[in-house]
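Reader: I have the sequence and the coordinates open. Please take me through what can be read from them, one question at a time.

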Amino acid sequence: MPADVDELVVRVADVCAYKWDMLQNRPHAFLISAFAGGAFVVFGSMLALSVSAGVSNNLAPGLANLLMGLVFMFSLVIIMFGGMTLVTADMAVGIIGVFHRRISWPLFLKGILFGYVGNFIGSMFFMWLLSKGGSYASSTWLLQAHAMAVNKTGMPAFEIFAMAVVCTWTLQTAAFMYIKANEDIAKIAMAAYGPLAFVAGMTEHCIANIGFLALPLFQQDLWIKAFAAVSDQTPIMLHWGFAQYGWAHNQLYTILGNFVGGILFVGVVFQLVSHPQRVAELYKHKTRTMLKM
């Protein structure tokens, strides 16, 4: 039988305790898991790019987004079942741990920082490696990757922030439902739904965007040649900075939005809905450190 909300928040706190214990006692293992988690996320970015290139909006508006979401959902399934670290999941999980006094605020923030660093390195390394292969060097994929990056980096700051809030609101609710479920089929469904929802819904995820934006930046010289062959317009150049069309411009406001969405609209909501006395009773009769994830 699935856990009720009171048992769920205790399970989430257990997950938090396990993850932050790894951070404190085996930081190298935590960073390796974050490296792998970042790479696994941009597996999804790679697959999303490969299936969406060449799909015309005139064919069916939203079809490319649906195809991207259907292949991207593979990424969170392997992260959750593999026990790897994804910083956006840790935002919601960690705040429950703070409420349950399993970790302190400084330790919570340390985990978010280390998780992001590991995810960043894993995502960047994977996309750099991908850029060295020939599969995404043809004009179809170069043009699609650049167009997606222009759309993401060209938005005003508040638009990026708002869609990032929506992203972790949907994604981390699904992650909590993964923890709530007992059967593997149900867990797979919940782990798959989160990425499907945030990609098909055109929202902003900080780690996925590392991949979506880094690849066209790594390949921008190739893109210039491909663009010149099909258009005589002035090209929009991407860059790594904080101005419009910059990698850091999107990343900054996406991180802030993901932080608010995961903490305020998921972690805080589930904590407030849970019954404090029933949660206290669960802890009083608790005999295991970890409930089933």
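Reader: Which backbone oxygen does the side chain of Asn258 reach?
Author: This is a predicted model. Asn258 lies in helix H11 and is buried, with a relative accessible area of 0%. Its contacts beyond four places in sequence include Thr88, Val165 and Glu204. At 2.9 Å, the side chain of Asn258 reaches the backbone oxygen of Ala164.

Reader: Where is the kink in H3 centred?
Author: H3 has a kink of about 25 degrees. Just after the helix, Gly83 takes a positive phi of about 70 degrees. The kink itself is centred on Leu70.

Reader: Which residues does Val41 touch beyond four places in sequence?
Author: Val41 lies in helix H2 and is buried, at a relative accessible area of 3%. Asn209 is 168 residues from Val41 in sequence, yet their C-alpha atoms are 9.5 Å apart. Beyond four places in sequence, Val41 touches Phe72, Ser75, Ile79, Leu86, Ile207 and Ala208.

Reader: Which residues have the most contacts inside the largest nonpolar core?
Author: In soluble globular proteins, nonpolar side chains tend to be buried together. The largest nonpolar core here has 76 residues. Those with the most contacts inside the core are Phe72, Phe176, Ile207 and Trp247.

Reader: How far apart are the C-alpha atoms of Ile210 and Gln251?
Author: Ile210 is found in helix H9 and is buried, with a relative accessible area of 0%. Leaving aside neighbours within four places, Ile210 is in contact with Tyr116, Phe120, Ser123, Met124, Trp247 and Gln251. Ile210 and Gln251 are 41 residues apart along the chain, and their C-alpha atoms are separated by 7.5 Å.

Reader: Is Met202 buried or exposed?
Author: Met202 lies in the loop between H8 and H9. Met202 has a positive phi of about 60 degrees although it is not a glycine. Exposed means over 50% relative accessible area; Met202 has 54%, so it counts as exposed.

Reader: What is the relative accessibility of Tyr245?
Author: Most residues other than glycine have a negative phi. Tyr245 has a positive phi of about 70 degrees although it is not a glycine. Tyr245 lies in the loop between helix H10 (220–230) and H11. Tyr245 counts as partly exposed, at a relative accessibility of 22%.

How values were computed: Residues numbered from 1 in each chain as written. Predicted model: local features only at pLDDT ≥ 70, side-chain atom pairs only at ≥ 80, totals over all residues. Heavy atoms only, no water. Bend = angle between axes of the 7 residues up to and from the residue. Helix = DSSP H or I, 4+ residues; strand = E, 2+ residues; numbered from the N terminus. Buried < 20%, exposed > 50% of the residue type's maximum accessible area, 1.4 Å probe, protein only. Contact = heavy atoms within 4.5 Å. Core = buried A, V, L, I, M, F, W, Y, C linked by side-chain atoms within 4.5 Å. Polar contact = N/O pair within 3.5 Å; in protein donor to acceptor, adjacent residues only side chain to side chain.
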